[in-house]
Amino acid sequence: MTDIKKLDPAAAHTALTADPLAVLIDVRDPVEFSFVGHPIGALNIPFKFAPSMATNPDFLSSVRVSVPDEKTSIFLLCRSGQRSMAAAEILQQSGYLNLTNIEEGFEGGIDEAKHRSTVNGWRFRGLPWVQS
């Protein structure tokens, strides 16, 4: 079994740009994806649903429909890098071979005032994103 790669958002963006066949999956809840924002071109396949954070029973089957080739480079992103790593582990156990967790996630860690997007993360680093 290959290791799950870990990249910061800037390195992940560079790798995604270099590989036109790579897929970026944002595993956050659809409300987070839409209202908080998401990287341009990301697929939203939730791993857990807010507010209960119940695991999405259709996560793996949804990934298989969107990314049927287990050799495709898949980059996974969530709010801070935790859920996306758990999702990557599920995909790895299911046979996916080229997985990268985007550490720091979209919003990044919490600062002293308990705010996100102020210390790190995709949005903090000024990478391309949109809101719905």
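Q: Before we start, what is a polar contact?
A: A polar contact is a pair of N or O atoms within 3.5 Å. Within protein, one atom must be able to donate a hydrogen and the other to accept it. Note that this is a predicted model.

Q: Okay, Arg28. Which backbone oxygen does its side chain reach?
A: That of Gly37, at 2.5 Å.

Q: And which side chain does Arg28 make a polar contact with?
A: The side chain of Asp26, at 2.7 Å.

Q: Where is Arg28 in the chain?
A: In the loop between strand E2 (23-26) and helix H2.

Q: Is Arg28 buried or exposed?
A: Buried, because its relative accessibility is 0% and the cut-off for buried is under 20%.

Q: What is Arg28 in contact with, leaving aside neighbours within four places in sequence?
A: Its contacts include Phe33, Val36, His38, Leu77, Arg83 and Phe106.

Q: How many residues does H4 have, and what is its reach?
A: Twelve residues, 82-93. H4 reaches 17 Å from its first C-alpha to its last, close to the 16 Å expected.

Q: Last one: which residue with a positive phi follows H4?
A: Gly95, with phi near 105°.

Definitions and conventions:
Residues are numbered from 1 along each chain as its sequence is written. This is a predicted model: local features need pLDDT of at least 70, side-chain atom pairs count only at pLDDT 80 or more; totals for chains, interfaces and linings use all residues. Side-chain values use heavy atoms; hydrogens and water are left out. Helices (H or I, at least four residues) and strands (E, at least two) are DSSP runs, numbered from the N terminus. The expected span of a helix is 1.5 Å times one less than its number of residues. Buried means under 20% relative accessible area, exposed over 50%, partly exposed in between (1.4 Å probe, protein chains only). Contact means heavy atoms within 4.5 Å.
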